[in-house]
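This briefing is intended for a reader who is meeting the structure for the first time. The points that follow are grouped by topic.

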There are 2 protein chains.
Amino acid sequence: MSEVRVLVVEDEALAAEAHASYVDRVPGFAVAGIARSARDAARALDAARDAGTPVDLVLLDMNLPDGHGLGLLAGLRGAGHLCDVIAVTAARDTQVVRQAVGQGVVLYLLKPFTFATFRAKLEQYAAYRAELAAAPAEVVQDEVDRLLGSLRPTATVPLPKGMSPETMRAVTAALRDADGELSASEVADAVGSSRVTARRYLEHLADQGLAARGLRYGASGGRPEVGYSWR
Amino acid sequence: MSEVRVLVVEDEALAAEAHASYVDRVPGFAVAGIARSARDAARALDAARDAGTPVDLVLLDMNLPDGHGLGLLAGLRGAGHLCDVIAVTAARDTQVVRQAVGQGVVLYLLKPFTFATFRAKLEQYAAYRAELAAAPAEVVQDEVDRLLGSLRPTATVPLPKGMSPETMRAVTAALRDADGELSASEVADAVGSSRVTARRYLEHLADQGLAARGLRYGASGGRPEVGYSWR
DNA sequence: CACGGTTGTGTTCGTTGTGTTCGCGCTCGC
DNA sequence: GCGAGCGCGAACACAACGAACACAACCGTG
């Protein structure tokens with residue numbers, strides 16, 4: 001799939017520039033434009049659509065000079081725009097979050113944020129699009145659930161009890177350095193820990209959506225291996 | 001918190017009744033009305049809002065007599081209705097799912113479904129509302145993530161013992177991607193497992209009504225093959 | 001119409017790797 | 001030092017698959 005075209009909607013010039021440059025730094029994403037107001041944004045969306053290069057994703061600030069972001073959101077929904085929306089705003093009000101979710105914001109990013117956080121959100125959205133692209137034309141419930149699951153953020157738990165940051169780093173490193181899938185035993189071997197420990201971390205990564213589980217049959221009869229791969 | 005008022009939007013009378021009775025059976029949820037068309041739904045939403053008892057949740061079918069559910073969705077977004085929406089529909093088209101998500105559908109339930117599945121989805125939504133109610137007026141990023149994360153669909157009904165979800169997915173995928181019927185051996189080949197394993201899963205799918213058994217005679221003398229096909 | 005041949009089904013049982021429990025060592029606060 | 005708690009791994013129960021085998025259905029032949 002081609003790059004994701006992103007429209008940045010943000011009234012403050014400095015922040016707008018910052019967001020745009022952040023977008024450019026994330027592979028697979030490209031800035032389609034910057035809008036300084038709700039009116040600008042609506043125009044930009046219409047123009048992009050008419051030009052045949054519709055905006056895929058909107059980074060939407062809530063506090064705009066000519067109306068609330070929620071209003072813009074409702075407007076573009078009514079106009080039938082197809083883009084997804086990530087709220088990027090300083091609005092910490094629970095009610096705003098609730099309404100944004102109700103209006104179909106796929107992710108909600110609170111200002112201020114680090115580039116790492118920003119990147120994480122974009123990458124999560126990218127993962128969602130990848131799943132979507134990989135899904136067959138006709139889906140079943142399970143696949144819908146996985147699709148939505150890939151979109152919802154996984155609360156970044158500091159580290160669940162029973163896990164050490166050192167081991168976690170070692171495991172992720174081992175997993176990333178491998179080209180294909182790795183079984184729990186192989187990771188254990190690479191890291192130097194026991195299979196049990198390696199599995200604990202791998203399973204955690206998989207639950208967080210950072211690793212993918214696969215299955216390897218028929219290596220030598222018996223129960224199949226589960227293979228973990230980084231993504 | 002009071003009960004969640006639910007509007008059922010469904011054109012087929014039988015299904016509408018069924019959904020409504022399902023809603024009533026889940027604690028914490030109450031039917032606010034049944035609408036048989038997009039027009040009805042819009043009216044019901046307006047009426048409920050004007051009466052001071054706005055609808056909290058809409059169970060939305062996509063195939064309506066007077067327009068697509070997606071259109072209704074865009075309309076009520078434009079009208080600024082605050083309700084959340086769970087798609088309850090037979091529309092298995094990936095594009096529809098994608099658009100529904102873009103329009104802010106919080107969950108997507110494919111017909112037909114069991115009461116257990118239905119209940120699971122409603123309860124998940126209830127969990128989301130509970131998180132929302134428990135959240136402070138002002139949130140931080142982590143809390144927003146948790147909030148959205150509670151909308152992340154949970155695993156569906158557990159498989160019978162002796163089966164792994166990964167293999168199940170592989171088998172269903174292989175079966176669906178084939179145009180015609182597939183024998184157990186062919187599925188085994190496609191998946192990479194043994195015929196025995198493939199058969200286990202195919203037989204389970206057939207028992208669940210998700211696959212159809214057929215017979216293929218005279219390929220080359222001998223016993224006829226059973227062919228499984230997706231539906 | 002019995003009978004053997006041929007091809008694929010259905011099941012049993014052993015193999016292999018998973019997932020979990022429980023206790024041990026290590027580090028840290030006191 | 002000396003409990004407290006945390007992270008780890010040996011051991012174990014069992015889950016999931018595949019080789020092998022006995023049987024089933026169809027077909028051609030005498």
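In this predicted model, A:Asp61 touches A:Val9, A:Glu10, A:Asp11, A:Gly69, A:Val88 and A:Thr89, leaving aside residues up to four places away in sequence. An unreviewed UniProt entry lists A:Asp61 under "modified residue: 4-aspartylphosphate".

**Setting of A:Asp61**

- A:Asp61 is placed in the loop of chain A between strand S3 (57-60) and strand S4 (63-64).
- A:Asp61 counts as buried because 27 C-beta neighbours lie inside 10 Å, where 20 or more are required.

**Chain A as a whole**

- Chain A contains nine helices and 10 strands.
- The C-alpha atoms of chain A occupy a box of roughly 65 × 40 × 30 Å along the principal axes.
- Chain A has 231 residues, of which 36% count as buried.
- Among contacts in chain A with a separation of 6 or more, 54% involve residues 24 or more positions apart.

**A three-stranded sheet in chain A**

- Three strands of chain A form an open sheet in the order S8-S10-S9, and their pairing is antiparallel.
- Strand S8 (182-183) and strand S9 (211-216) of chain A are the edge strands, each pairing on one side only.
- Two bridges join S8(A) and S10(A) in the antiparallel sense.
- A:Leu182 stands opposite A:Tyr228, a residue of S10(A).

**Nonpolar cores**

- The largest nonpolar core has 97 residues, and the members touching the most other members are A:Leu7, A:Ile86, A:Ala87, B:Leu7, B:Ile86 and B:Ala87.
- Another core, of 15 residues, lies apart from that one and includes B:Val191, B:Ala198, B:Ala211 and B:Tyr228.
- Not counting residues up to four places away in sequence, B:Ile86 touches B:Leu57, B:Leu59, B:Val105, B:Val106, B:Leu107, B:Leu109, B:Lys121 and B:Tyr125.

**Contact between chains A and B**

- Chain A and chain B contribute 45 residues each to their contact.
- On the side of chain A that touches chain B, at least two residues come from each of helix H3 (69-78), helix H4 (94-102), strand S7 (105-110), helix H5 (115-134), helix H6 (141-151) and S9.
- H6(A) gives the most to this side, with seven residues.
- By class, the side of chain A that touches chain B comprises 20 nonpolar, 15 polar and 10 charged residues.

**Surface near DNA strand C**

- Around DNA strand C there are 24 residues, and A:Val196, A:Gly222, A:Arg223, B:Gly222 and B:Arg223 come nearest.
- In chain A, the elements that give two or more residues to this surface are helix H8 (184-191), helix H9 (195-207) and strand S10 (225-230).
- In chain B, the corresponding contributors of two or more residues are helix H8 (184-191), helix H9 (195-208) and strand S9 (225-230).
- The surface near DNA strand C has eight nonpolar, 10 polar and six charged residues.

**Surface near DNA strand D**

- DNA strand D is surrounded by 30 residues, the closest being A:Thr167, A:Ser193, A:Ser194, B:Ser194 and B:Thr197.
- H9 of chain A and H9 of chain B each supply at least two residues of the surface near DNA strand D.
- The residues of the surface near DNA strand D comprise eight nonpolar, 18 polar and four charged.

Technical notes. Residues are numbered from 1 along each chain as its sequence is written. Chains are lettered from A and ligands numbered from 1 in the order in which they are written. This is a predicted model: local features need pLDDT of at least 70, side-chain atom pairs count only at pLDDT 80 or more; totals for chains, interfaces and linings use all residues. A nonpolar core is a set of buried Ala, Val, Leu, Ile, Met, Phe, Trp, Tyr and Cys residues joined through C-beta atoms within 7 Å. A residue is buried if 20 or more other C-beta atoms lie within 10 Å of its own, exposed if 12 or fewer, and partly exposed in between; C-beta atoms are placed from the backbone. Two residues are in contact if their C-beta atoms, placed from the backbone, lie within 7 Å. UniProt positions are given in the numbering used here, feature names are shortened, and annotations may be inferred rather than shown by experiment. Helices (H or I, at least four residues) and strands (E, at least two) are DSSP runs, numbered from the N terminus. A residue is near a molecule or strand if its C-beta atom, placed from the backbone, lies within 6 Å of it. Ala, Val, Leu, Ile, Met, Phe, Trp, Tyr, Cys and Pro count as nonpolar, Asp, Glu, Lys and Arg as charged, and the others, Gly among them, as polar. Two strands pair if DSSP finds at least two bridges between them.
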